[in-house]
Amino acid sequence: MGSGTSAQHHFAFQNAEKAFKAAALIQRWYRRYKARLETRRQCTWHIFQSIEYAGQQDQVKLHDFFSYLVDHFSPSSNHERDFLDRMFTEERFLQDPEMEKFGDYESIEVPDNYTGPHLSFPLLPDHATALVEAFRLKQQLHARYVLNLLHETRKHLIQLPNINRVSTCYSEEVTVCGDLHGQLDDLIFIFYKNGLPSPERAYVFNGDFVDRGKDSVEILMVLFAFMLVYPKEFHLNRGNHEDHLVNLRYGFTKEVMHKYKTHGKKILKILQDVFCWLPLATLVDEKVLILHGGVSDVTDLELLAKLDRHKIVSTMRRKKRKKNGKQAKKEQAHQASSAGSPAPWFLPQSRFLPASPRRLQAHGAGRAASVPCGAPGDAQALALQVRRSVDLELDRCRQQAGFPVSRSKEEAPLGAPEADSEAEEPLEPTLEEWRQVVDILWSDPMAQEGCKANTVRGGGCYFGPNITEQLLQKYNLQFLIRSHECKPEGYEFCHSRKVLTIFSASNYYEVGSNRGAYVKLGPALTPYIVQYQANKVTHMLSMRQRISRVEESALRALREKLFAHSSDLLGEFKKHDTDKTGLITLSDWAEAVEAVLPLGLPWQMLRPQLVNSSPDNTLEYKSWLGDLAKEQLNHENIQSSLLETLYRNRSNLETIFRIIDRDHSGFISLDEFRQTWKLFGSHMNIDITDDCICDLARSIDFNKDGHIDINEFLEAFRLVEQSCSEGTASARPQATNTNDSSCSEPGTH
């Protein structure tokens, strides 16, 4: 009996031992499986971010190029100067009469058959709630109500300080949301899960409401409506995408003109001014600083609190201060004497980075550089500027106190000479002030100590833990909340949990690519983070399915990027193929791809998804480039080389089209086309008459309707590129050194 029991125990022990071994084996396998999935996810994430930031660099370079052209163009008349300044920058401040003109909503009639939401002012909570429901049902707000809402929003924003103050004493909690980027589903989901704004439930939305997504207009209308209903509990910060120059590339301008074809130009003009009035940051209980991007080693909250934020029209380009006649002549003489100085970054042999303006002067220049000074003997101008600065500060204090602002200060003083009338114009922001705003809207944290230029994005800086600690100690803060970066989990702590990144646009790159998140702060200021996925499809997919779906989308985008640089890749491959065998090693392939596309990607790891393996670890690179071309060819009969050029330049071409089309009509007029060609002709030393320009415009106007639309613009570029390619091929045997600028690709400067 005893022996039988012992045998049973021994058998049970053996079974348990096998079970433990099996469990350990399964656990080891599962951990490896999860590790492989995580590696794929991180690699996919790196692809998306690298391509996104490369696009931002292109945006900065393109506008810097146009800025350089405008700054160095000598117009033949004041009309040309005004036209170009308006066409490329639009950086002038709308006065009240102009706002009344653009905001003339009362003359717009709402038809009887209009079934969308109606608004009446002052807004009530029910109006804002009804607006959310109407947008959820895909209804569109009439242009009259849009303009009316923007008009009321501007009046409210003007009264706000640069840095808002929020207290948890008056609300149960403060909810901070990050980038939404036109994704209305995320905003509706936040309100559904966290509750609608109310006196007990305060909100701070931390910029980047628009661009990329398809519902940017609706998001703005909802946010502005709730801000008017709950002005003390609902706060908005400006992001780097609340910028009319950025909107040209990333979709918001196109969305407005598509939804409001008749009144879109008015809406965009007022929105440009509204964006300039958005506050720059928010302080919660004087302990938590909320701003969109980050900080730098020269961030000065006192300076940010008192600068004129509405003068920062765009962080892409700083408008220079207006000068009187004598100053302009002195500057022209200085430019002539410095003709041999180094050229800007986009011209050959230059490393200059105007996209990181804060690096152009020593930090020691500090606040002294922000005080505008004239020539030593110009005491009258100096006194006038000092008086103007004092008047602006007094006006701001009156606004915050609720008193009306006197307009008489904008008039010229009695006895002042006519030559100084331009000095009475509102002062432009100083270079230091502009840099301060660029840094807080564009910067990103880094793990290393110190502060350096953010060359990946093309603007702002990277700031390390010591920079964060320096700012927190200086202003007695606990931690920073920022947005600006998409994170896989929707949030991320760094710098010893002193910096919290919040990103609220879920599925930003692709369905399943990332979660959205928001953070709640109570009286103890302990961050409580809520994550979510607004798209229901993601809940039905397994982790492997989500990663596979996102990975395929990322690889497709990467293949398009590779195809767009096929010619450059071929040249780089030939450098490694010294024996002209048509074959290169896979390590040489990875090195060549990184040289052409400096994205910092792990090309060796990506190789199995991009290159078919071979037994001898070599690649027939011409065949591989041919396979890339086959993937991108569509139903149109376009040569591979031309399609490559269009893939590479389409974003830049569309942005250039919208820069030229300053009235946002969707067409380039003859006057816009003529002035633009004069600008390019001056830069490229091409003497072209108005008649030739008109003939050129008519040749691009394929349907002969008197205007050039985007399709005609792209088609003309394709045809010119084709003729240039054919001309280059036929002229190649002569090996001449002609410098024909007409065949240069746009966007390559």
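A polar contact is taken here as a pair of N or O atoms within 3.5 Å; within protein, one atom must be able to donate a hydrogen and the other to accept it, and residues adjacent in sequence count only if both atoms are side-chain atoms. The structure is a predicted model, in which local features need pLDDT of at least 70 and side-chain atom pairs count only at pLDDT 80 or more, while totals for chains, interfaces and linings use all residues. Residues are numbered from 1 along each chain as its sequence is written, and side-chain values use heavy atoms, with hydrogens and water left out.

By this criterion, the side chain of Asn194 makes a polar contact with the side chain of Lys520, at 3.4 Å. Asn194 lies in helix H6 (residues 184–194); helices (H or I, at least four residues) and strands (E, at least two) are DSSP runs, numbered from the N terminus. The relative accessible area of Asn194 is 7%, and the residue is therefore buried (buried means under 20% relative accessible area, exposed over 50%, partly exposed in between; 1.4 Å probe, protein chains only). With neighbours within four places in sequence set aside, Asn194 is in contact with Glu173, Thr175, Arg201, Tyr203, Tyr518 and Lys520, contact meaning heavy atoms within 4.5 Å.

The secondary structure of the protein comprises 24 helices and 18 strands. Of its 749 residues, 51% count as buried. Among contacts with a separation of 6 or more, 75% are between residues 24 or more positions apart.

Five strands form an open sheet with mixed pairing, in the order E4-E3-E2-E13-E14; two strands pair if DSSP finds at least two bridges between them. Strands E4 (234–236) and E14 (528–532) are at the edges and have a single partner strand each, so one side of each is left without a neighbour in the sheet. From one strand to the next the twist averages 20°, with axes fitted as lines to C-alpha atoms (for helices over the stretch in contact) and angles running from 0 to 180 degrees between N-to-C directions. Strand E2 (residues 173–177) pairs with strand E13 (residues 516–521) in the antiparallel sense over four bridges, and Val174 stands opposite Leu521 in E13. Helix H7 (residues 216–229) packs on the sheet, where it touches strand E3 (201–205) and E4; the directions of H7 and E4 make an angle of about 130°.

The largest nonpolar core has 59 residues, of which Leu141, Phe205, Met221, Phe224 and Phe234 touch the most other members. Such a core is a set of buried Ala, Val, Leu, Ile, Met, Phe, Trp, Tyr and Cys residues joined through side-chain atoms within 4.5 Å. H7 supplies the largest share of this core, eleven residues. Beyond its neighbours within four places in sequence, Phe234 is in contact with Phe191, Pro197, Tyr203, Phe205, Leu223, Phe226 and Met227. A second, separate core of 36 residues includes Ala54, Leu562, Leu586 and Trp589.

Strand E10 (residues 479–482) is covered on both faces, with Phe479 and Ile481 buried on one side and Leu480 and Arg482 buried on the other. E10 runs parallel to strand E6 (residues 288–290), joined by three bridges, and Phe479 is the bridge partner of Val288. Three bridges also join E10 to strand E12 (residues 499–502), again in parallel; here Arg482 has Thr501 as its bridge partner.

The unreviewed UniProt entry carries the annotation "domain: EF-hand" for residues 564–599, 648–683 and 688–723. UniProt positions are given in the numbering used here, feature names are shortened, and annotations may be inferred rather than shown by experiment. Residues 564–599 are 64% helix and 8% strand, with the end C-alpha atoms 14 Å apart.
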